[in-house]
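Subject: Structure for your attention

Dear colleague,

Please find below the structure I wished to hand over to you.

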Amino acid sequence: MEQVDIAVIGGGPAGLTAALYASRARAKTVVFEKGLPGGQIVTTDHVENYPGFPGGLAGAELGALMTKQAEEFGAVIRTFTEVESIVPADLDFTLRTTDGDEFLARAVIVATGAVPRKLGVPGEAEYTGRGVSWCATCDGAFFRDKVVAVIGGGDAAVEEALFLTKFASKVHIVHRRDELRATKCIQERAFANDKIEPQWSRVVREVRGDGSRVSSVLLESTKGEPDLDLPVDGVFIFVGVHPVSELVRTSVACDDAGYVRTDHDGRTDWPGIFAAGDVTDSELKQVITAAAKGASAAFEALRYVDQKTCGI
Ligand SMILES: Cc1cc2nc3c(=O)[nH]c(=O)nc-3n(C[C@H](O)[C@H](O)[C@H](O)COP(=O)(O)OP(=O)(O)OC[C@H]3O[C@@H](n4cnc5c(N)ncnc54)[C@H](O)[C@@H]3O)c2cc1C
């Protein structure tokens with residue numbers, strides 16, 4: 001069985017930064033990534049708030065650069081490798097993948113991130129991939145000269161709505177409140193774009209279609225107005241995320257929403273298991289904070305491994 005010093009589970013910004021720090025400190029480091037590396041950020045066309053890149057860059061490019069930098073220091077990225085269990089093994093941990101392979105690690109950093117939340121309304125599952133999407137970068141081009149609705153009012157929703165104006169003839173932003181949550185400068189750009197039309201104080205009750213494609217969304221008013229059956233060809237959903245913490249949910253402390261509780265330095269309440277990024281209960285969920293927490297978790301994991309090794 002392969003023995004590593006530090007196993008990082010998840011190849012998003014948190015995991016890749018943890019791997020960069022750990023491998024640069026000469027620890028034998030492996031990142032397990034169930035898909036391709038980069039994490040959620042690869043689904044966005046443009047990241048303009050990660051320092052060092054004036055003018056911004058594509059999310060996929062940022063993910064690729066982070067991967068390259070971790071690999072330059074010797075981190076091994078095992079793509080399409082999903083970890084399904086972590087079991088204590090004497091002084092180490094045994095990680096088992098869904099392919100049945102096992103690895104021994106002295107310390108583990110859980111950086112499994114988050115996945116977009118669903119609306120949970122009729123029609124959403126039925127029309128996924130047939131008009132319903134969670135990725136404007138992936139699917140926006142299919143909606144050239146079409147009308148789409150973006151659901152949500154935060155940064156991701158409004159940024160993605162702006163991106164969709166490159167293709168769509170009209171982009172409705174459906175938000176349950178009468179003002180957006182997005183950062184002011186993003187809002188200003190949205191309101192200056194005449195393809196964007198807000199649908200204030202409305203929530204989606206149903207995604208409707210003709211059996212093969214989306215044809216409208218049924219919107220309920222949060223202010224007692226009559227329902228609105230809004231004709232659209234596509235629905236892009238950005239209503240937040242939920243943590244991918246199932247792997248450790250019964251073995252480390254998590255909050256009620258399932259976010260892993262960590263201390264300031266990324267320690268969980270299971271010695272040797274650290275966590276970083278969107279899977280944790282930290283407030284701001286962005287690339288910069290995921291990267292920063294990945295660095296802290298790696299620093300503490302390295303210290304933990306050193307202490308354990310010296311104690312043997
Ligand atoms: C549409 C959109 C736009 C965004 N725009 C911005 C922006 O402009 N600026 C910004 O700063 N942030 C933005 N964000 C937020 C940012 O992408 C996240 O905060 C960041 O990616 C979190 O990084 P992470 O490493 O914690 O988790 P993630 O990026 O979620 O990565 C976790 C990785 O772990 C992998 N994984 C999960 N479970 C396992 C397992 N059991 N085994 C192996 N691998 C596993 C997943 O496949 C995934 O690749 C955006 C997010 C979205 C969805």
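In helix α4, the buried residues are Ala157, Val158, Glu159, Glu160, Ala161, Leu162, Phe163 and Leu164. Buried here means under 20% relative accessible area, exposed means over 50%, and partly exposed lies in between (1.4 Å probe, protein chains only). Helices (H or I, at least four residues) and strands (E, at least two) are DSSP runs, numbered from the N terminus.

This is a predicted model, in which local features need pLDDT of at least 70 and side-chain atom pairs count only at pLDDT 80 or more, while totals for chains, interfaces and linings use all residues. Residues are numbered from 1 along each chain as its sequence is written, and side-chain values use heavy atoms, with hydrogens and water left out.

To return to the helix, α4 spans residues 155-164 and is largely enclosed by the rest of the structure, because eight of its 10 residues are buried.

The cysteines come next. A disulfide is taken as a pair of cysteine sulfur atoms within 2.5 Å, and by this rule the count comes to one. The bond links Cys135 and Cys138, with 2.0 Å between their sulfur atoms. The link of Cys135 and Cys138 is right-handed, with 75° about the S-S bond. Cys135 counts as buried because its relative accessibility is 7%, whereas Cys138, at 47%, is partly exposed. Cys185 is also partly exposed, with a relative accessibility of 43%.

Two strands pair if DSSP finds at least two bridges between them; strand β13 (residues 214-221) is joined to the antiparallel β14 by four. Val217 has Leu230 of β14 as its bridge partner.

Finally, Arg303 lies in helix α6 (residues 287-311) and is partly exposed, with a relative accessible area of 40%. Arg303 and Val232 are 71 residues apart in sequence and 54 Å apart in space, C-alpha to C-alpha.

Yours sincerely
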